[in-house]
Structures are given as structure tokens and as C-alpha cells.
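Please look over the structure below with its packing and its strand pairing in mind. The notes that follow are grouped by topic.

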Amino acid sequence: MSLASVLAALRLNRDFMSQAVAWERLAARPARFAPTAVALHEDLRAGLRTRGVEQFFTHQAASIQAAAQGANVIVATATASGKSLCYTVPVLQRLLEQPAARALYLFPTKALAHDQTAETNAIIAAGKLPVAVNSYDGDTPRGKRGKVRADGGILISNPDMLHAGILPYHTGWRNLFSNLEFVVLDEIHAYRGVFGSHVGNVLRRLRRICQFYGSDPQFICCSATIANPKEHAERLVEVPFTLVDESQNGAPRGEKHFILYNPPIVDEELGLRGSAILAARDAAVSFLAQDVQTIAFARTRQSVELLLTYLQDELAYQGKDETAVTGYRGGYLPLERREIEQKLRSGELRGVVATNALELGIDIGQLDAAVITGYPGSIASTWQQAGRAGRRADQSVAMMIASNSPLDQYICHHPRYLFGRSPEHALTNPDNLRIMVRHLACAAYELPFQQGEGYGAFGAVDPLLEAMTEAGDLHQTRQQYHYLGEGVPAGGVSLRTGSDETAVIHDIGSNPPVVIGEMDLESVPALLYEDAIYMHQARTFLVEMLDWDGRIAHVRPVEVDYYTRASIGSSIRALRPEDERDAGGLMRAWGDVSVVTQATGYRKIKRYTHETLGFGEIDLPEMTLETSGYWLIIGEALTERLYDAGILLRPNDYGPNWKSQREKALERDGRQCRMCGASDLTGFQSGDLGSEEDWQKPVRSRSLHVHHVRPFREFNYIPGQNENYREANQLDNLITLCPSCHRQAEAGQQTRSALGGLAYVLRNLAPLYLMCDPSDIQVSAESRSPLTADGRRPPAPTVVVYERVAAGVGFSQRLFELHDDLLAAALELVADCRCRDGCPACVGPPGDIGPDTKAVTRQLLQILIANNPPQ
């Protein structure tokens with residue numbers, strides 16, 4: 001059955017159509033070609049013809065023409081529009097004209113680099129061109145690296161390797177830097193936030209080295225569809241660019257259908273909908289069973305493996321065992337991923353379940369259907385994932401399956417949010433001083449700084465170099481600044497926020513034992529704790545032993561009908577101010593923040609029904625992030641005023657029977673957390689977050705809490721006037737939770753408050769002021785933070801914005817300095833938003849917030865600004 005027949009059948013399926021909240025049809029678009037005035041080398045033309053390229057699409061011709069005229073070019077067109085030819089043709093043409101010339105290709109991932117190496121080599125082989133292509137990254141054997149340095153032609157690498165493995169050793173790369181004609185940056189939308197700010201500084205150092213060797217390369221950049229491609233490229237590279245955008249895209253596009261599907265409600269009382277993973281399975285099977293090649297995206301590695309398992313089971317049940325479906329995610333070994341990519345291109349694999357690892361432009365061939373399990377988090381990512389289907393001119397379909405999350409449900413009720421809004425901006429700030437100073441040390445190691453020398457668009461950096469000299473990092477001679485430190489400074493500067501450490505996954509059930517995968521250290525407590533069920537290509541393994549210090553997980557294949565899910569809690573352990581100011585009852589500060597994360601326990605969850613079968617404890621060390629933060633603490637007098645006005649909610653009085661009911665709940669639950677199984681011997685009140693001393697303890701050693709399933713406040717208990725506490729404290733409304741699970745449960749209630757609304761607005765606004773990515777920061781709101789209590793003051797309402805990179809990169813101090821502007825912008829955003837009761841663009845999506853959250857957030861901001869007029 002063809003895809004058109006499958007879509008027609010879905011149209012006639014009443015059950016399906018009753019849950020399809022939107023069905024958009026994007027019309028087909030024919031190819032548009034254009035000639036180019038560039039006289040291409042005949043061998044290059046022959047190679048392109050052999051590869052099926054007889055003429056160029058309009059955007060390709062415009063890019064080739066602009067590059068031939070010496071312009072720096074940024075190409076921002078849709079997925080599968082043939083952007084790679086926009087740089088491959090100009091580069092090969094130049095290298096054929098000037099055999100000594102060199103080109104450097106940079107890709108954000110090794111997979112993309114390997115993919116493009118193969119594609120470039122295919123064109124070179126087809127035309128029998130005398131151009132060498134070499135890749136140089138962490139996987140390049142050491143015995144081969146000398147040959148790569150000495151070779152000519154095209155060097156393919158990534159920013160991390162350029163930063164730490166090439167620029168510090170530029171004398172060994174003299175041939176590259178003295179003859180460098182082109183630098184190609186693909187997928188530049190990935191270079192945003194902290195990562196993008198680092199990459200911007202690496203490119204400054206690259207251009208500085210090139211200038212030293214007498215070259216001035218052109219830049220050709222490619223990007224997925226973002227709101228600001230030209231501005232982003234110019235901010236990143238600091239040279240003028242010529243934009244070739246979607247309006248010039250001549251690539252053909254087949255008819256595309258985009259379906260937004262909301263699973264049916266399965267619990268009317270709670271408003272819960274069916275599992276998004278099971279709905280995604282049904283959607284993917286409807287395509288795969290008819291031999292429609294399909295990609296399904298899931299948000300997490302565990303979701304990928306679950307969906308893959310469900311797909312394979314269902315296809316086997318339908319007698320379609322021969323339909324080859326596999327997974328693709330981080331943690332698979334490189335050779336395994338290359339094999340999957342090749343089989344997808346050849347059509348041998350009919351389906352793949354992937355994380356966003358396949359969101360970038362790796363060539364995986366002609367897919368007809370894409371199933372997106374849950375909103376990916378941004379409009380740009382949604383369209384990139386949808387674009388993986390229909391990568392040629394045929395008809396295609398993308399179906400997004402909504403989860404139960406409030407944001408997904410908001411999109412289902414307001415589809416124009418997805419279809420009518422432009423993609424997000426890519427933001428970056430290479431001038432961030434903390435980031436830039438680290439790269440100044442790297443640059444000084446590579447070449448001494450001359451007095452008065454500029455550093456990219458920042459200009460002269462003498463004051464910074466003098467400060468680094470005073471700190472002992474540099475030595476100043478009469479005209480120069482020399483690096484003084486030990487070793488290569490680039491080795492101590494990571495471009496990415498995550499750690500580079502990984503754990504190896506060792507299958508001890510094989511003979512001999514083999515390594516089947518790897519995992520970043522941050523994910524190990526969630527997925528590789530002892531007795532966890534680790535899933536790999538739909539196979540299940542029991543983690544028998546985790547050697548934390550040795551970074552090895554020993555696993556053995558098992559056949560089980562359940563999976564495990566860890567409960568991981570994070571808490572802010574300490575706030576240590578560098579500077580603080582108290583005015584109008586509001587304390588604002590910035591300084592060091594300690595954030596502690598620990599996996600405390602896990603649940604065994606039955607497949608398909610998702611019922612809890614049992615619990616277990618996780619015994620792993622805490623992971624502490626020492627970073628920087630900006631925080632607001634509302635003083636006691638102002639808090640009382642906000643309580644009286646109903647803007648903030650007073651702490652609960654749980655009634656005279658609370659102590660006995662709490663004890664009964666603990667006894668009933670066996671003094672174990674009902675979510676993760678963590679145990680202890682004593683209990684706190686629901687809503688009592690403990691003392692500051694208690695929160696200094698490891699997560700495991702803290703006492704259990706008892707939580708109201710339906711919030712106590714909703715029962716409207718008034719001491720002396722009614723006895724509503726009796727109903728609120730019924731045992732069936734009480735549940736025992738460990739502190740970390742309790743914080744997760746309370747988080748939903750925090751977002752329903754003015755404090756939660758303020759935190760949400762700050763999280764939306766801060767990236768715009770900091771020129772960072774939203775994932776670079778985290779925001780926490782607590783109605784009674786134990787960290788603010790002392791002998792004189794009770795726990796106070798607190799909002800903390802902290803950086804997700806160790807030591808921070810200066811965002812927090814900048815927010816502290818922008819405090820007045822930030823609050824004014826927050827009030828303007830909330831007041832001007834056209835929604836009635838709140839939405840994702842202001843204080844949060846309905847379902848995540850209360851009916852009055854927008855109103856009380858606006859009142860809170862008005863009072864804070866009135867009490868603290870701008871200086």
C-alpha cells in the first residue's frame with residue numbers, strides 16, 4: 001500500500017480523526033533551476049553529472065555565484081534542500097584552480113563529519129579529481145595523524161578538535177594555515193548559547209592564526225531554518241555575510257502532510273490521556289506495516305528503547321517480523337551507528353527510532369513518514385524532525401503525538417502556536433568575559449599578543465591582558481604578552497557545558513565479554529545503577545555491577561517484562577553571595593551556588609500497562625555542580641503584605657489530627673517513598689521542607705515527607721470555623737515521598753503561584769538579555785526556602801536563576817546588574833501578552849499554572865518595581 005493509501009485510510013478512520021486536532025497540507029513545489037556564470041572545471045562537472053547533478057537549484061546557483069565573487073555566504077534553507085553542494089562545488093573548484101589551496105570543514109558532531117567525508121569523496125571519485133580529503137578528530141588513529149597534517153586538500157574536523165588539537169599545535173599545520181582558502185561551518189544553528197560563545201572565540205583564534213601565516217579564508221556557513229541566520233553567522237564569525245535563504249530555495253518539495261494527534265482521555269476525573277509512546281507505536285506501525293519507510297523520534301534514550309520494543313512486538317504480532325526496525329541514539333558505538341545509517345540509505349532498514357541525534361543533517365536516505373513523540377521543545381526542532389521525512393520530491397507525512405505535558409496540550413488546543421510562529425532565534429555572545437578570558441589564554445599560548453592588538457570584534461584587549469599578567473597567567477615584555485602557565489591551556493577549556501567523561505557498558509554474558517555501548521557520566525545514575533534494566537536495540541540487560549570509579553558497567557542479557565526508572569532529585573544546597581542589595585523588602589544577590597543531584601531509588605514498571613511492580617534503592621554518590629547564580633529573596637514584611645493581598649499563599653496549618661494521620665500514612669507505606677522506594681525512619685509534615693541543617697545532609701539520609709495528593713489548600717480549612725482538615729487528611733489523600741520526589745510533586749504547585757509565574761517569565765527573558773540558549777540556565781522557585789532561614793528569619797520566598805555550567809560564565813553577575821531592566825521587561829511581557837489566563841509565551845501553559853497565576857504574577861511584579869524604583 002502506498003503512503004497516499006495509508007493517509008486515505010486514516011482519513012476514513014473515525015477513532016483516529018476524533019483525536020487528530022490538526023491536519024495541515026503543505027503543497028508540493030516543483031524544482032527551480034538557475035544557471036551560474038561560474039565556469040566550472042570540466043572534471044568537476046563530470047563528477048557532478050555522474051552523481052546525478054545536471055544543473056543547480058536556484059539557491060545552489062546563488063551560493064556558488066556569491067562564493068566565486070569572494071563573498072562569505074550563509075545558506076539557510078529547509079532540510080534536504082541540497083545545501084552541501086553550496087560549499088562543496090566552490091571549494092572543489094578553487095582547489096582545482098589552485099592545487100596548493102586548502103579548505104577546512106567544521107561540523108558539530110563526528111557523525112556529520114564522517115557523513116560529509118563520504119559524500120565529498122564520492123564526488124571526487126566520480127570526477128577523478130586530484131583532491132585529498134582527510135578527517136581529523138578523536139577517532140583518528142595516532143599513527144595516521146602525521147600523514148593527515150602533511151596532506152593537502154580538504155580537512156574535515158569539529159570545533160573541539162580545532163580548539164584543543166590543531167590551533168595549539170599550529171606550527172605542525174603550517175601548510176593548512178598558510179594556504180587556507182575556505183572555512184565551511186555546517187549546521188551553525190547548533191552553535192548557540194555557551195557552546196556557540198566558545199565556538200565564536202575558537203574562530204577568532206583561527207582567524208588570528210591565519211593572519212599570522214598570511215591567509216584570509218572565505219567562510220561558507222549552512223543552517224537549518226532559524227529566525228536570524230545572517231545575524232547569527234555574522235555574530236559567530238565577525239565578517240559580513242551574503243544570505244541565501246528559503247525564499248531562494250529551488251529544491252523540489254513533495255506534498256507534505258503534518259498531523260497533530262492528541263491521544264484519547266483514559267481518566268476523565270484526572271484528565272489523563274493515553275500513553276504518547278503507545279500512540280506513537282500505533283502511528284508508526286500503521287506506516288511500517290504497509291512498507292512505508294518511517295522514522296520515529298522520542299525525547300529520551302529510554303523512550304527510544306521502549307518505543308523500539310513496542311514496535312518490534314507489534315510488527316511480530318501482525319506477522320511482519322521481516323520489517324527491519326532499529327534504534328539510533330547516543331551511547332551506540334560509532335561503527336554501529338555508521339551501519340545503521342548505511343542500511344537506512346539503502347532501504348534495508350524500513351524503520352528507525354531515534355533521539356534528536358538524527359535531527360541534524362546526516363544523510364539517511366529517502367524516508368516517507370516521521371512520527372514525533374511529544375513536542376521536541378522548540379518550533380525549529382519540530383520542523384527539523386518533520387523534515388527528515390520527504391527528503392526527496394515524493395509525498396510525505398509527519399505526525400506529532402502529544403504527551404500529557406501542559407505545553408503539548410496547549411499546542412493541541414492552539415495549533416497556530418506551532419504552525420503560525422516563526423522559528424526561534426539562535427543567540428550567542430563571544431564577548432562574554434569569563435569565556436573570552438579563557439580563550440585569550442589559549443590565544444596567548446598559540447601566539448604572543450602584541451600591545452594594542454585587537455581580538456576579533458571586541459577590539460583591543462590590553463586591559464584584560466594586564467589583569468591576566470597581574471594574576472600570573474601572562475608575562476609582559478616591552479611589546480608583547482606571553483603565556484606563563486603550565487601545559488596547553490586549551491586542554492582545560494571545554495567548549496560544551498557537559499562533561500567529556502563516559503562510562504563503558506560491558507556485556508559479560510557474551511563469550512568473550514564485549515563492549516556494547518558507552519554513556520556520558522551525567523546519565524549513568526539515571527540508567528546504569530546496579531539492578532537497573534538497561535535497554536540496547538530492544539534487548540534487555542541487567543546491570544550486575546557498576547564500577548563508578550573505573551567508569552565500567554557490567555551487564556548481562558535477561559528476559560524481563562519490565563523496565564526501571566530512577567528517581568533523581570536536585571536541590572540547591574548553598575547560596576554564597578558575592579554582592580547583594582536590599583531595597584523595598586526585596587534582597588537581590590549574585591554569587592556561588594551549590595546544586596546537588598542524586599539518584600535515590602527506582603521503580604520497576606511493567607511494559608504496556610506501566611503499572612509499578614516494585615522499588616529499589618540506588619547507592620551512588622551525589623553529583624555536585626558548583627556554579628554561579630542570581631537570586632531574589634522576598635523579605636518578611638513584604639511577604640506578609642503579599643500574603644494579605646492573596647498574591648502569595650501562607651503556609652498551611654494542617655489541623656489538629658495531622659500528627660496522627662501522618663504517622664498512619666508512614667506506617668501504611670512501610671516508611672518508604674511510594675515513587676522511588678527510598679526508606680527512612682522518621683517523617684516531616686507535608687510541605688515542611690526541613691531546616692537548612694537538614695538540607696546540608698546527603699539526599700539519602702534525609703527524612704521522609706508525607707504529601708497531600710490533592711493540595712490541602714483546596715479544602716479551604718479555616719481554623720475555628722470548619723473541620724475541612726478531616727477530609728483533607730484522609731489516608732487516601734496522603735502519600736509518603738522522599739525529599740527529592742516531594743520536591744518534584746511540589747514543583748507543580750509552585751508553578752501555580754505568583755512566584756512560579758515570576759520564575760517562568762525570568763527563564764523566558766534571561767536568554768534574550770544574556771544572548772545564551774535557554775538550556776544554559778535553570779530557574780528554581782521555593783515558597784519557603786530553608787537556605788534563607790536563620791535564628792531571626794523564617795524561610796523566605798526565593799527565586800534562583802543558576803547557570804548549568806561549572807563555575808558559571810558570568811551570566812549571574814550580568815542578571816544582577818540588569819535587575820531593574822529585567823523586572824520591567826517581565827512586567828511588560830506579562831501585561832502585553834494577549835492571552836487571558838497565561839500561556840507558554842508569558843507565565844506558563846494552562847494546566848501547569850492556576851487560573852489566577854497570570855494576574856497575581858503581574859501584581860507581584862508591579863509591587864516589586866514600585867518598591868524598588870530604577871536607580
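Two strands are said to pair if DSSP finds at least two bridges between them, and helices (H or I, at least four residues) and strands (E, at least two) are DSSP runs, numbered from the N terminus. This is a predicted model, in which local features need pLDDT of at least 70 and side-chain atom pairs count only at pLDDT 80 or more, while totals for chains, interfaces and linings use all residues. Residues are numbered from 1 along each chain as its sequence is written, and side-chain values use heavy atoms, with hydrogens and water left out.

**The five-stranded sheet**

- In β24, Ile552 is the residue that stands opposite Val504, and the strands β20 (residues 502–507) and β24 (residues 552–557) pair in the parallel sense over four bridges.
- The open sheet is formed by five strands in the order β21-β20-β24-β23-β22, with mixed pairing.
- Because β21 (514–520) and β22 (533–536) stand at the edges with a single partner strand each, one side of each is left without a neighbour in the sheet.
- From one strand to the next, the twist averages 35°.
- Helix α13 (residues 301–317) packs on the sheet and touches β21 and β22, and its direction makes about 70° with that of β22; here axes are lines fitted to C-alpha atoms, for helices over the stretch in contact, and angles run from 0 to 180 degrees between N-to-C directions.

**Nonpolar cores**

- A nonpolar core is a set of buried Ala, Val, Leu, Ile, Met, Phe, Trp, Tyr and Cys residues joined through side-chain atoms within 4.5 Å, where buried means under 20% relative accessible area, exposed over 50% and partly exposed in between (1.4 Å probe, protein chains only).
- The largest nonpolar core has 79 residues, and those with the most contacts inside it are Met400, Ile634, Leu642, Leu758, Val799 and Leu860.
- Helix α26 (residues 754–770) gives the most to this core, contributing nine residues.
- Leaving aside neighbours within four places in sequence, Leu860 is in contact (heavy atoms within 4.5 Å) with Ile634, Leu642, Ile647, Ala754, Leu755 and Leu758.
- A second, separate core of 43 residues includes Leu278, Ala283, Ala284 and Tyr310.

**A covered helix and a buried loop residue**

- Seven of the eight residues of helix α15 (residues 379–386) are buried, among them Ile379, Thr382 and Gln385.
- The elements that cover these buried residues include β9 (256–261), β12 (294–297), β15, β16 (396–401) and α17 (416–419).
- Thr355 lies in the loop between β14 (351–354) and β15 (369–373), and counts as buried because its relative accessibility is 8%.
- Not counting residues up to four places away in sequence, Thr355 touches residues including Phe297, Arg301, Tyr328 and Gly330.
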